[in-house]
Amino acid sequence: MTAGAERRFVQTVQGPIDPSELGITLAHEHLWMDSTPLLAVHGYPTKATGPWDAAIAAEARWNPGVHPDNYRLTDVGAAVAELELYVRAGGRSIVELTPPSLGRDPRRVREIAQRTGVHVVLGAGHYLELVHEPWVAAASEAEIARRLVAEVRDGVSDTGIRPGVFGEIGTSDPVRPGEARVLRAVAAASLETGLAISVHLHPWGHEGAAVLDILVAAGSDPERVILGHLNTAIDRPADLRALADRGATLGFDLFGFDHSLLGQGRWPPSDRDVATVILDLAGDGYADRIVLGQDIGVRTRLRRWGGWGYAHLLEHVVPVMRELGIGDDALDAMLVRNPARLLSVRA
C-alpha cells in the first residue's frame with residue numbers, strides 16, 4: 001500500500017482481513033439457518049412428517065414446504081462438507097445473510113469458517129415484517145439503528161463476532177410499513193458504520209426502485225446498496241439498467257434454484273437465460289454493478305440431497321457464461337472486485 005493510501009478492511013466472522021484476501025465471493029448464501037417460521041408465510045402445504053429421506057427431497061423440489069426439515073440448514077458437518085466442494089472449485093469467500101428471526105447463529109457460522117478456511121462475512125438486520133422479532137415490531141427507527149450499530153462495533157450478543165454487512169433486509173411487494181421502518185434504520189446504521197446494505201426484494205415483484213427510493217431518502221449512498229433476487233426480473237432489462245444507473249448493485253443471486261419459488265410449480269428463469277441477460281448488461285458496461293450468488297436456503301439445494309451445492313456457480317454457470325461470451329474481466333468484476341469493494345470499510 002502506498003504512503004497515504006486509505007486503509008480498508010473486510011469484517012469476517014474470524015476477524016478483519018484485507019479486501020484482497022476475499023477472492024471469489026458468493027454474495028448471498030446461508031450456511032446455518034432455521035427458516036421454518038417462513039412455512040406459514042410461504043403457504044406451502046406440509047404433507048410429510050416422518051424422517052427426511054431422498055423421496056421427500058424429490059417432492060420438495062415441487063413443494064419446498066412438504067417437510068419442515070427442508071427449511072432447516074442446521075448441520076455444521078454438512079455445511080463443512082458442502083463448502084469443501086466450493087473451495088475445490090476455486091471459491092474463497094461467502095456472504096452469510098441469515099437474519100436473527102431465521103436462526104442466525106454466529107458461533108456456528110464461525111465454526112464452519114474455521115473448519116473450511118472460507119472467509120465468511122456475517123449479516124445483520126431484519127427480514128420480512130411477517131417474521132420480525134417482537135421487539136423490532138415495537139421499536140423506533142432510532143432504536144433499531146442503535147442496536148445494529150452496537151452489533152457492528154461490539155459483536156452479536158456476547159459472541160464478540162461482528163457483522164460485516166447489513167442483510168438480508170427483507171421487503172415485500174409492496175413494501176410493508178415495518179419493512180420501510182427497518183430500511184430507514186438500516187440506512188442510518190450504514191451511514192454511521194460504512195457497511196453495505198443487501199436487500200431481499202420480493203422475487204416476483206418489481207419493487208427495486210421503491211426500495212432504493214426509501215433508502216436514498218433516508219440518507220443511504222446507493223453505491224453501498226445491493227438489490228437482490230433479480231434473476232426473476234430479467235424480463236425488465238430497462239428497469240435493471242435504471243437501478244444500476246442510480247448507483248445500486250444488481251444481485252443475481254438465485255443461480256441453481258432448482259425448486260419452486262413462492263408457489264408450487266413456479267420456477268425462476270433458467271441459469272442460462274439469466275446469464276444471457278448478464279452478457280447484455282456486461283456488454284453495456286454494467287459488469288461493475290453486478291454480484292452473483294445462489295441463496296442456498298433449503299436442504300434440497302445441497303449435494304447430499306440431489307442439489308448442485310455451493311460450487312454450482314463456479315462449476316456450471318461460469319462455463320456457460322464464458323461460452324456465451326462473458327470475458328474474464330467481467331467475471332472478475334462480478335465475483336471478486338465488486339464484492340471486495342462493497343464489503344470493505346475504512347480502517
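I began with helix 10 and helix 11, and their crossing is right-handed (the near helix is turned clockwise from the far one by less than a right angle). Helices here are DSSP runs of H or I with at least four residues, strands are E runs of at least two, and both are numbered from the N terminus.

A note on what I am looking at: this is a predicted model, where local features need pLDDT of at least 70, side-chain atom pairs count only at pLDDT 80 or more, and totals for chains, interfaces and linings use all residues. Residues are numbered from 1 along each chain as its sequence is written, and side-chain values use heavy atoms, leaving out hydrogens and water.

**Entry 1: helix 10 with helix 11.** I looked up the axes of helix 10 (residues 271–283) and helix 11 (residues 312–324), which come within 10 Å and cross at roughly 50°. Axes are lines fitted to C-alpha atoms, for helices over the stretch in contact, with angles from 0 to 180 degrees between N-to-C directions. That angle makes helix 10 oblique to helix 11; oblique is what remains after under 35 degrees (roughly parallel), over 145 (roughly antiparallel) and 65 to 115 (roughly perpendicular). Helix 10 brings D271, R272, A275, T276, I278 and L279 to the contact, and helix 11 brings H312, V317, V320, M321, E323 and L324 (contact means heavy atoms within 4.5 Å).

**Entry 2: helix 11 with helix 12.** Next I followed helix 11 to helix 12 (residues 328–343): their axes come within 11 Å and cross at roughly 140°. This makes helix 11 oblique to helix 12. Their crossing is right-handed. I found L313, L314, V318, M321 and R322 of helix 11 touching D328, L331 and L335 of helix 12.

**Entry 3: cis bonds.** Most peptide bonds are trans, and I went looking for exceptions. I found G167 to E168 cis, with omega near -5°, and E168 sits in strand 8 (residues 165–170). Another cis bond joins D173 and P174, with omega about 0°; P174 is in the loop between strand 8 and helix 7 (177–193).

**Entry 4: positive phi.** Most residues other than glycine have a negative phi. H229 has phi near 65° and lies in the loop between strand 10 (225–227) and helix 9 (237–245). H229 counts as buried because its relative accessibility is 2% (buried is under 20% relative accessible area, exposed over 50%, partly exposed in between, with a 1.4 Å probe and protein chains only). D295 has phi near 50°, in the loop between strand 12 (290–292) and helix 11.
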